[in-house]
Amino acid sequence: MNKYFLILIIFSCNVLLAQDNLELKSADKLTGKTENSQMIREATGNVHFVQGNISAFCNSAIQYMDANKVELRGNVRIYQDTLSLFTEKGVYFGNDKMAICENGVTLKDPNATLRADNGVYFFNERKAIFNGDVIIINPEYRITSRELTYLRNTEDSFCRGNVIVKTDSALIK
């Protein structure tokens, strides 16, 4: 009896862990290799990854299987529910459900659009931390700054460095 119970627990843990891994849904070309005991897959052309309710698309990707991480390059688009994240180069960390975006990043949700030179988005916390020439626009205001933290759940923005807030009736510098 204990033997079957142990097998059931191990099977259940494997199923739970597998649900949280990045899954490659499609690519035009796929190659694999092992480097420093790390399994690596390189995907090119119409690449599509999924993890739960998060989908990522790009031109090419390098997936580090053991680390549950993928480097995304070229026309990178990441979606979660009503969130859209666009960049040219990014790294998605599946264990943390976090994306680091470089070379320009745009975040769009129904209530705001953010743009910056670089940014990090935390999917579980629904939080963006953007740096470098940041702008956030929503129907009520427009904010520019060097750094901005945006909380999607509450639509709060916290800014630092050369902050300018513009509304229909005011300009605050």
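In what sense do strand β9 and β10 pair, and over how many bridges? The answer is antiparallel, over 5 bridges, with β9 covering residues 118–122. Before going on, note that this is a predicted model.

I'll stay with β10 for a moment.

Next, β11. The pairing of β10 with β11 is again antiparallel, over 9 bridges. Here Ile136 stands opposite Ile143 in β11. These two strands also form a hairpin, with 4 residues between them.

β10 has a further pairing, with β8, in the antiparallel sense over 3 bridges. There, Thr113 stands opposite Ile137 of β10.

Now the core. The largest nonpolar core has 33 residues. Those touching the most other members are Phe49, Leu72, Ile78, Leu85, Phe123 and Phe130. As for where the core comes from, the elements giving two or more residues to it are β3 (38–51), β4 (54–64), β5 (69–80), β6 (83–93), β7 (98–109), β8 (112–116), β10 (127–137) and β11 (142–151).

Leaving aside residues up to four places away in sequence, Ile78 touches Leu72, Leu85 and Phe123, along with Ile54, Ser55, Ala56, Leu83, Ser84 and Ala99. Leu72, Leu85 and Phe123 are also on the list of residues that touch the most other core members.

How values were computed:
Residues numbered from 1 in each chain as written. Predicted model: local features only at pLDDT ≥ 70, side-chain atom pairs only at ≥ 80, totals over all residues. Heavy atoms only, no water. Core = buried A, V, L, I, M, F, W, Y, C linked by side-chain atoms within 4.5 Å. Buried < 20%, exposed > 50% of the residue type's maximum accessible area, 1.4 Å probe, protein only. Contact = heavy atoms within 4.5 Å. Pairing = 2+ DSSP bridges.
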